[in-house]
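The following exercises are to be worked with the sequence and the structure at hand. Each task is followed by a solution in steps.

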Amino acid sequence: MAEDLYSQIEKSYNPQSLEQKWYKNWTEKKYYSSDNKSANKPFTIVIPPPNITGSLHIGHALNNTLQDIIIRYKRMKGYDCLWVPGTDHAGIATQMIVERELGKENLSKEDLGRERFIERVWKWKSQSGSQINNQLKRLGALPDWGKERFTLDEGLSDAVKKVFVDLYKEGLIYKDKRLVNWDVKLRTAVSDLEVDKRDVKGKLWYIKYRVEDSDLFITVATTRPETMLGDTAVAVHPKDKRYRKLVGKFVLLPLTDRKIQIIADEYSDPEKGSGAVKITPAHDFNDFEVGRRHGLEIIDIFDESAFLNSNAPKEYAGLSRFDARDKILNNLEELGLLEKEEDIIHVVPYGDRSGEIIEPRLTYQWYVDAKELARDALKAVEKGDIKFHPKYWENTYFEWMRNIEPWCISRQIWWGHQVPVWYGPDEQIFVELSEEAAHRAAKKHYGNDTELTQDSDVLDTWFSSGLWPFSTLGWPEKTQDFKKYYPTSVLITGFDIIFFWVARMIMMGIKFTGEVPFKDVYIHGLIRDEKGEKMSKTKGNVIDPLEIIDEYGADSLRFSLAAMASQGRDIKLSFSIIKGYRNFINKIWNASRFLMLNLEGYNPEFVYDKQKISIFDKWILTKLNNLIKETDTDFDNFDYDKVANKIYQFIWGDFCDWYIEITKSKLRSEDDTERQITQDLLVKVLTSSLQLMHPFTPFITEEIYNRLQQFRVSLKSVTGEITKSIVVSAYPTFNESEVFLKEYKYVEFLKQIVVSIRNIRAELGVMPAQRIKILIHPDSDKTHDLISDNKHFIYELAGVDSVEFTGDEKPKNCVTQVLSGVEIFVPVEGIIDLDSEISRINREVSKIDVDLKFIEDKLNNKKFIERAPKEIVEKEKNKFKELSDNKSRMLEVLKRLSEIN
RNA sequence: GAGCGCGUAGCUCAGGGGUAGAGCGCUUGCUUGACAUGCAAGAGGCCGCAGGUUCAAAUCCUGCCGUGCUCACCA
């Protein structure tokens, strides 16, 4: 049988053939399902909805790996887990894609008209919008696919309408005419957060404006000369002596026939430029405020694409803002009004979607009074109802929330939630949940049926995302899901969307449900390339998670990401890291392979006295249980990296390197009982390890468990039934009765002996295959017995075929290793190299001397004895004793060596 | 300009008041009946610098230097 198995179980793990099979199995069995009728405690996560135009990048891989890990863990812990998957409709991005498609057919969205265009977008969505979900499946992410939502689906749209209407009726949403960030390419307003401010090289031009009825000029400095056509004032600082006399006078605005006044305003900074600043209220946020203070005229010289309109002199109308600039500069030059130009680096706002320079534009838009909503949202975090991990992100949140500005939520695009606002013929506004309701309201207002037109704007996508934690659960209906799963348990996301999304969910959640949307926010880092640079398509340094999955398997990727995801740090990812963890995955495969090759005769019903197992068995059980205990703590603290690294250490460093090696002889034993106990413990430790690993590496653990079932190995679910899948098995729990501290220490001591012998062998250049004889001098009967009882351990692991004990008469022609508790002697064929042995031991003695000196200084320090805790003092004293003892034995060794001559 | 993070072995990073750890890399030796995606042994660090608190500082505090990020700023 073992022969067959040997060829049947591949020597290395091949993820490619297995992953899709298991994923399909899990979804068919619906292991992901939450059950809102179950009595089990809920554990809820809502996915940060990726946008439908997206494809899985490495950041998604990290984010969803972490969510999947915690969901799988909690599920195995017996929670009723709901992980809501879904996508957002990405208004601008999606519309851009479909418009591009139309462009290929030489069509514009206007050619189709709004209704048909939107139909077209839905069609696009049904064809291409599920790509990212399919990619999540490749990752192994197992959200509750039965509860998938889309920000534009019916239920969520109802939630959006209700929120808009309620906020409007409370005065927290309002329409206002003011400057907004206008994307001239997309021809829509965008919010402050969607503006990307970049340092760019530019010029500062100094332009002379002639003061009316005089020969004087006042010079203004500007980076945007084209806006001068919209100037309605020149401002100087009221305390600026240079200009004091000019305040109140008029200047003749060059290139136009207009006169504008010189005003005094503290906005003007005497240090900057010339100290006099042109004021263009229609095209600059600061100037707008100045204009408001002084009641200045507002002249908008641009159309919606930032071409000059008829408010500009004829000569310039129809030009783009850049062409207009050139022409104006030329003309000023000719007129001798261009005093000078300077090269400068200044900040220019770009649209984060279009990449075009944003133009401040005066329009009517819809705003949310964010300041008002922020109040409770701030309090929730201040009081600790919501905790950020790592905590310092709370500062970022506070900082933004305390300085929050009104949120412009309307967008002049078609794809999205059209605002539930209708206008009567006299511009009377009706904000209602439906068109019918608007008509009813209109009838009440006008006294008869009146034709209404709906506002054509749609809402910022983040407006609907802000409702995600509760809108996905059925709100505003009081559904069973909402009652059971809200507030959600934890939100896992990246810091880049704390403002965009997290803050808004907190505001909206508290406002509309009266409760925080989640209790914990886990913020993970950004994934960078191995040099620490941000990944970007233009740099060409992106790591495609799907390529990694193809090459190394999803488990390798997942484990790498989890192991690297320490809190508060970005992840520098490289192929060598992934390869390293791929090797670890293979290690588990081979440990399992070893077990399967040795399971003949395994009897799961075999009964034995759990106290009568060997010290090595007790040692591994102790290690295992400590691991389980720490795993729970680390999970509670969101320390996924710690869990992963500890499991790694346990499986490779403890289980494979030591325990499996110890069991090899026992599995070959003639003694049935010994063999069966060994099999049982191997099965127990391996399956527990697989379970501990499963949240991180779902595929390989499922595959191995399935293979193990052929050997009658079984796992139980939380309710105690045997389960076919590890996905729904019960996570290992800490068992105090499996912790054996005494035996644990014994084994650690024996391991030290083995390592010492290996060390001597390596130094002497003894071939691995060659067995050697050793002599041991134990310091006590107890130590003697421990070694004597476990000679086989030293035989098997240190390549020894004879251990003899010496009395006080110590052997001479030997290489000696002094440990606390024992001296180990390895007899050397012929004559030992005295010089090298003496110098080796001398080196060790001087090392000990350094330590001894250090401890001695401490112990001689009165204050240390007085003030340090007793245990510490005691510890230092013991250490001192132990080290001096070791030293004196080494000196004896040296003495004996010198006697050889 | 303001705020925040980071600086520990050649590299990537854990740790964190009681004289430092891992993985990779490196050196040496190994086809040891699970695994060369492996096994064994080893070298390698005044824990960025300077002060302070403390019996004790890589760890806490302050300053500085380096580095990264966020926010603000079209004169």
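**Exercise 1.** Determine how strands E18 and E19 pair, and over how many bridges.

*Solution.* Step 1. Strand E18 covers residues 421-423, and its pairing with E19 is antiparallel, over three bridges. Helices (H or I, at least four residues) and strands (E, at least two) are DSSP runs, numbered from the N terminus, and two strands pair if DSSP finds at least two bridges between them.

Step 1. One of the bridges can be located by residue: Val421 has Val431 of E19 as its bridge partner.

Step 2. Two helices pack on the sheet. Helix H8 (residues 154-169) touches E18 and E19, and its direction makes about 130° with that of E19. Helix H13 (residues 435-446) also touches E18 and E19, at about 140° to the direction of E19. Axes are lines fitted to C-alpha atoms, for helices over the stretch in contact, and angles run from 0 to 180 degrees between N-to-C directions; contact means heavy atoms within 4.5 Å.

Step 3. The sheet as a whole is open and has three strands in the order E19-E18-E20, with antiparallel pairing. Strand E19 (429-431) and strand E20 (453-454) each have a single partner strand, so one side of each is left without a neighbour in the sheet.

A note on the model is in place here. The model is predicted: local features need pLDDT of at least 70, side-chain atom pairs count only at pLDDT 80 or more, and totals for chains, interfaces and linings use all residues. Residues are numbered from 1 along each chain as its sequence is written, chains are lettered from A and ligands numbered from 1 in the order in which they are written, and side-chain values use heavy atoms, with hydrogens and water left out.

**Exercise 2.** State the strand order of the open sheet of four strands, and find which strands stand at its edges.

*Solution.* Step 1. The order is E6-E5-E14-E16, and the pairing is antiparallel.

Step 1. The edges are formed by strand E6 (188-190) and strand E16 (407-408); each has a single partner strand, so one side of each lacks a neighbour in the sheet.

Step 2. Within this sheet, strand E5 (residues 173-183) and strand E14 (residues 359-368) are joined in the antiparallel sense by 10 bridges. Asp176 is paired in this way with Gln365 of E14.

**Exercise 3.** Describe the hairpin of E7 and E8.

*Solution.* Step 1. Strand E7 (residues 195-211) runs antiparallel to E8, and six bridges join the two. Tyr206 has Ala221 in E8 as its bridge partner.

Step 1. Five residues lie between the strands of the hairpin, and Asp213 in the turn has a positive phi of about 55°.

Step 2. Strand E8 (residues 217-222) is mostly covered, with five of its six residues buried. Buried means under 20% relative accessible area, exposed over 50%, and partly exposed in between (1.4 Å probe, protein chains only).

**Exercise 4.** Is Ala282 buried or exposed, and which residues does Ala282 contact?

*Solution.* Step 1. Ala282 is in the loop between strand E12 (276-279) and helix H9 (285-294).

Step 1. Its relative accessibility is 0%, so Ala282 counts as buried.

Step 2. Apart from neighbours within four places in sequence, the contacts of Ala282 include Leu179, Ile298, Pro360 and Leu362.

**Exercise 5.** Characterise the protein surface near RNA strand B.

*Solution.* Step 1. There are 64 residues around RNA strand B, and Leu204, Thr223, Arg224, Ser566 and Arg867 come nearest. A residue is near a strand if one of its heavy atoms lies within 4 Å of it.

Step 1. Helix H20 (residues 575-597) gives the most to this surface, with 10 residues.

Step 2. By class, the surface has 28 nonpolar, 13 polar and 23 charged residues. Ala, Val, Leu, Ile, Met, Phe, Trp, Tyr, Cys and Pro count as nonpolar, Asp, Glu, Lys and Arg as charged, and the others, Gly among them, as polar.

Step 3. Of the RNA strand B atoms within 4 Å of the protein, 60% belong to sugar or phosphate and the rest to bases.

Step 4. Polar contacts (pairs of N or O atoms within 3.5 Å) can then be listed. A polar backbone atom of Val347 is 3.0 Å from a sugar or linking oxygen of RNA strand B.

Methods: A polar contact is a pair of N or O atoms within 3.5 Å; within protein, one must be able to donate a hydrogen and the other to accept it, and residues adjacent in sequence count only if both atoms are side-chain atoms.
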